[in-house]
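Please read the points alongside the sequence and the model.

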Amino acid sequence: MEYILIKSKRKTISLSVNDELKAVVRAPYSVSVKEIERFVNSNEKWLERAIEKKEKQLEHINLSDEEINDLINKAKAYIPERVEYYSKIMKLKPTGIKITKAKKRFGSCSAKNSLCFSCFLMNYPYEAIDYVIVHELAHIKEHNHSKRFYSVIERYLPDYKEREKLLKK
């Protein structure tokens with residue numbers, strides 16, 4: 001199996017897939033090529049699934065300007081309304097809401113509690129979109145991914161794990 005090797009000051013070996021659908025191995029300087037190849041071969045099944053997943057992600061991203069503008073308009077019509085709905089229920093108020101063309105993340109919450117959502121979210125079911133909205137609102141209360149953070153989400157979306165899975169399909 002072919003891969004791109006990046007050696008650096010790190011302690012562990014990792015495997016990922018880049019946007020060109022190539023395997024990327026990150027490894028400490030001290031690890032031999034033989035060890036790296038053993039690692040890649042032992043993770044071949046995972047790598048195949050990761051490449052398939054990345055292909056599906058890229059399908060959503062490679063859209064025309066017209067299709068992207070349509071997604072932006074849909075997001076502007078849906079997301080702020082749902083943020084307001086969940087804000088009232090959760091008693092958490094963001095300082096702002098932005099719709100972006102972010103390709104690598106569905107949403108984010110700044111240190112100043114401003115929320116950003118990718119227009120590409122509109123390619124997913126509403127249950128998944130609402131999960132991302134609640135996820136980002138929960139960051140206003142817990143700026144991390146601790147157990148307390150997930151308990152905030154679970155309080156408002158008891159089925160959040162199922163909704164989260166929709167984003168991975």
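**Notes on the predicted model**

1. The next matter is disulfide bonding. A disulfide is a covalent bond between the sulfur atoms of two cysteines. The count of disulfides here is zero. C109 accordingly takes part in no disulfide, and the nearest cysteine sulfur, which belongs to C116, lies 9.2 Å away.

2. C119 is itself buried, with a relative accessible area of 0%.

3. E136 deserves attention. This residue belongs to helix 4, which covers residues 126-141. E136 is buried, yet it has no salt bridge. R105 is the nearest side chain of opposite charge, at 7.4 Å, whereas a salt bridge calls for a separation within 4 Å. Apart from neighbours within four places in sequence, E136 is in contact with G107, S108, C109, L115 and F117.

4. S108 may be read together with E136. S108 sits in strand 5, made up of residues 107-109. Not counting residues up to four places away in sequence, S108 touches S114, L115, C116 and E136. S108 and H135 are 27 residues apart in sequence, and their C-alpha atoms are 9.0 Å apart in space.

5. The overall architecture can now be set out. The chain contains six helices and six strands, and along the sequence they follow the pattern β-β-β-α-α-α-β-β-β-α-α-α. The C-alpha trace spans about 55 × 40 × 30 Å along its principal axes. Among contacts between residues at least 6 apart in sequence, 49% join residues at least 24 apart.

6. Surface and charge complete the note. Of the 169 residues in the chain, 38% count as buried. The accessible surface comes to about 10900 Å², and 50% of that belongs to carbon and sulfur atoms. The chain carries 34 positive and 24 negative side chains, and the centres of the two sets lie 8 Å apart.

Key: Residues are numbered from 1 along each chain as its sequence is written. This is a predicted model: local features need pLDDT of at least 70, side-chain atom pairs count only at pLDDT 80 or more; totals for chains, interfaces and linings use all residues. Side-chain values use heavy atoms; hydrogens and water are left out. Helices (H or I, at least four residues) and strands (E, at least two) are DSSP runs, numbered from the N terminus. Contact means heavy atoms within 4.5 Å. Buried means under 20% relative accessible area, exposed over 50%, partly exposed in between (1.4 Å probe, protein chains only). Accessible areas come from the Shrake-Rupley method with a 1.4 Å probe; for residues, only the protein chains shown count as cover. Lys and Arg count as positive and Asp and Glu as negative; His and the chain ends are not counted. The place of a charge is taken as NZ of Lys, CZ of Arg, CG of Asp or CD of Glu. A disulfide is a pair of cysteine sulfur atoms within 2.5 Å.
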